[in-house]
Amino acid sequence: MKCVSVRLGDPEVAPLLLDLHREYETRYGDGDSVHDVDGAEFDPPGGGFLVLVDGSTTVAGGGLRQFDATTAEVKRMWTNPDYRRQGHARTILRELEALARNLGYERMRLETGYAQPEALALYRSLGFTDIGNYGIYEHASGFEIALT
């Protein structure tokens with residue numbers, strides 16, 4: 001298994017976006033939020049997108065974009081349902097933290113919804129602090145971690 005840097009439009013990301021749409025549709029009744037950010041926001045120099053691959057299978061992934069001059073925001077966190085509960089989301093988050101540090105960010109933040117208790121638990125277990133809702137999703141929970 002290896003972690004690779006990709007662009008949002010690359011073939012390795014397609015299964016992630018497709019299943020994330022399905023997941024949001026199932027949990028929230030609206031899968032359109034996977035398209036709420038322009039893919040170019042995940043491009044260098046301010047962002048990046050990483051996927052964990054096992055041969056030709058996309059196992060997990062997530063993107064990073066500039067939120068403000070000192071803060072990166074994580075979007076599109078996903079783990080292939082066949083590979084869940086094996087630490088792959090944790091691996092992607094740690095890789096995204098390293099990328100954010102390398103890009104000069106001091107903090108990293110993200111938001112997740114009430115219908116994703118496993119994500120809420122993961123972020124808290126990794127030391128993210130609950131910062132309340134900061135984005136456009138009314139019932140989302142925001143989290144942040146210092147990178148310095």
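This is a predicted model: local features need pLDDT of at least 70, side-chain atom pairs count only at pLDDT 80 or more; totals for chains, interfaces and linings use all residues.

Colleague: Do β4 and β5 run parallel or antiparallel?

Modeller: Parallel, with three bridges joining them. Across that pair, Glu73 stands opposite Arg109 in β5.

Colleague: Is Arg109 buried or exposed?

Modeller: Buried (under 20% relative accessible area with a 1.4 Å probe, protein chains only). Arg109 comes out at 14%.

Colleague: What does Arg109 touch?

Modeller: Leaving out residues up to four places away in sequence, Arg109 touches Phe67, Thr71, Ala72, Glu73, Val74, Ile131, Tyr134, Phe143 and Glu144. Contact here is heavy atoms within 4.5 Å. For a sense of scale, Val6 is 103 residues from Arg109 in sequence, and their C-alpha atoms are 21 Å apart.

Colleague: Switching to pockets: how much space is in the largest one?

Modeller: About 1000 Å³. A pocket is an open set of points on a 1 Å grid over the protein atoms alone where a 1.4 Å probe fits, with protein on both sides within 12 Å along at least five of seven lines; lining residues have an atom within 4 Å of a point. The volume is the space filled by probe spheres set on the points, which are joined across faces, edges and corners.

Colleague: Who lines that pocket?

Modeller: There are 36 lining residues, and Tyr24, Thr112, Gln116, Ala119 and Tyr123 are the closest to the centre. By element, α1 (14-28), β4 (71-79), α2 (88-102), β5 (107-112) and α3 (117-125) each supply at least two. β4 gives the most, six residues.

Colleague: Where does Gln116 sit?

Modeller: Gln116 is in the loop between β5 and α3. At 12% relative accessibility Gln116 counts as buried, and beyond four places in sequence its contacts are Tyr24, Arg27 and Tyr28.

Colleague: And which residues of α3 are buried?

Modeller: Ala119, Leu120, Leu122 and Tyr123. They line one face of the helix, because they fall within an arc of 165° seen down the axis of α3; the arc uses directions from the helix axis to the C-beta atoms. Their cover includes β4, α2, β5 and β7 (141-146). After α3 comes Gly127, with a positive phi near 95°.

Colleague: Last one: which residues is Val37 in contact with?

Modeller: Past its neighbours within four places in sequence, Val37 is in contact with Phe42, Arg65, Lys75 and Arg76. Val37 lies in the loop between α1 and β2 (48-54), yet is buried at 9%. Gly47 is ten residues along the chain from Val37, with 12 Å between their C-alpha atoms.

Technical notes: Residues are numbered from 1 along each chain as its sequence is written. Side-chain values use heavy atoms; hydrogens and water are left out. Helices (H or I, at least four residues) and strands (E, at least two) are DSSP runs, numbered from the N terminus. Buried means under 20% relative accessible area, exposed over 50%, partly exposed in between (1.4 Å probe, protein chains only). Two strands pair if DSSP finds at least two bridges between them.
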